[in-house]
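Please look through the model shown below before reading on.

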Amino acid sequence: MIGSSVRDPIGDHLLTPRNAALVVIDYQPSQFSGVNSIDRDLLRENIVSTVRTAKAFGLPVVHSTINVATGRGQPTVPELAQLLVDDPPVDRTTTNAWEDPEFLAAVRATGRRKLILCALWTEICMAFPALDALAEGYDVYPVVDAIGGTSEEAHRAGIRRVVQAGAHPISWVSLAVELQRDWTREETVNDVIEIVLTDRLLKGATA
């Protein structure tokens with residue numbers, strides 16, 4: 001069966017490899033240690049899968065850390081840093097990344113108006129830039145199972161706050177399949193099968 005024709009890859013209201021960018025904020029040891037809304041090992045697996053997906057589809061990536069230069073924070077955790085070696089972090093002192101001029105310039109330089117947003121913690125470093133981006137007319141997609149808050153209620157409140165402002169929550173699996181969308185798009189199908197099925201959802205499954 002021949003797949004459906006590809007819709008406008010830039011104007012599509014859904015996410016495509018041509019209209020979206022991934023933003024990864026503050027995946028650092030101290031931020032992980034403060035997460036209490038999701039199992040931290042699962043969170044690491046989910047953000048790694050999210051970044052691998054973005055890389056497979058060639059999405060621009062904006063990578064940021066907080067307080068590394070001041071010595072108050074440690075760099076991005078190694079399993080993510082090795083995936084982001086071509087995307088050196090914009091280091092900030094502002095809890096709201098949108099208030100950092102270098103970060104904001106990096107986002108604008110992608111030329112993308114749909115931002116797939118991953119940050120620790122949900123209620124602060126995700127919510128603040130999400131709200132500012134929405135106010136500037138960006139479409140924002142927080143990856144709800146690749147982010148985490150200081151408590152379950154804080155995570156839920158952060159998600160509710162940005163949804164009320166117009167954000168579109170997604171999961172890491174739905175992100176991968178939305179970008180792929182048609183299994184006849186052969187250039188990425190093997191990557192998606194490996195990232196989503198082989199390495200994660202079907203791992204350890206028995207026949």
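This is a predicted model: local features need pLDDT of at least 70, side-chain atom pairs count only at pLDDT 80 or more; totals for chains, interfaces and linings use all residues.

Residues are numbered from 1 along each chain as its sequence is written, and side-chain values use heavy atoms, with hydrogens and water left out.

The chain contains eight helices and five strands; helices (H or I, at least four residues) and strands (E, at least two) are DSSP runs, numbered from the N terminus. Along the sequence, their pattern is β-α-α-β-α-β-α-β-α-β-α-α-α. The radius of gyration of the chain, 17 Å, is close to the 17 Å that the globule rule gives for 207 residues, so the chain is as compact as a globular protein of that length. Here the radius is taken over C-alpha atoms, and the rule is 2.2 Å times the number of residues to the power 0.38. Of the 207 residues, 49% count as buried, that is, under 20% relative accessible area, where exposed means over 50% and partly exposed lies in between (1.4 Å probe, protein chains only).

Where is empty space left? Rolling a probe the size of a water molecule over the atoms shows this. A search of the whole structure finds one cavity of 30 Å³ or more. A cavity is a set of points, on a 1 Å grid over the protein atoms alone, where a 1.4 Å probe fits but cannot get out; lining residues have an atom within 4 Å of a point. The largest cavity holds about 40 Å³ of space, a volume being the space filled by probe spheres set on the points, which are joined across faces, edges and corners. Helix H5 (122–135), strand E1 (20–25) and strand E4 (114–119) each supply at least two residues of its lining, and H5 gives the most, with three. The lining comprises 10 nonpolar residues, no polar and no charged; Ala, Val, Leu, Ile, Met, Phe, Trp, Tyr, Cys and Pro count as nonpolar, Asp, Glu, Lys and Arg as charged, and the others, Gly among them, as polar.

A cis peptide bond, with omega about 5°, joins leucine 120 and tryptophan 121, and tryptophan 121 is in the loop between E4 and H5. Aspartate 26, in the loop between E1 and helix H1 (29–33), has a positive phi near 65° although it is a residue other than glycine. With 0% relative accessibility, aspartate 26 counts as buried.

How values were computed
On a 1 Å grid over the protein atoms alone, a cavity is a set of points where a 1.4 Å probe fits but cannot get out, and a pocket is an open set with protein on both sides within 12 Å along at least five of seven lines; lining residues have an atom within 4 Å of a point.
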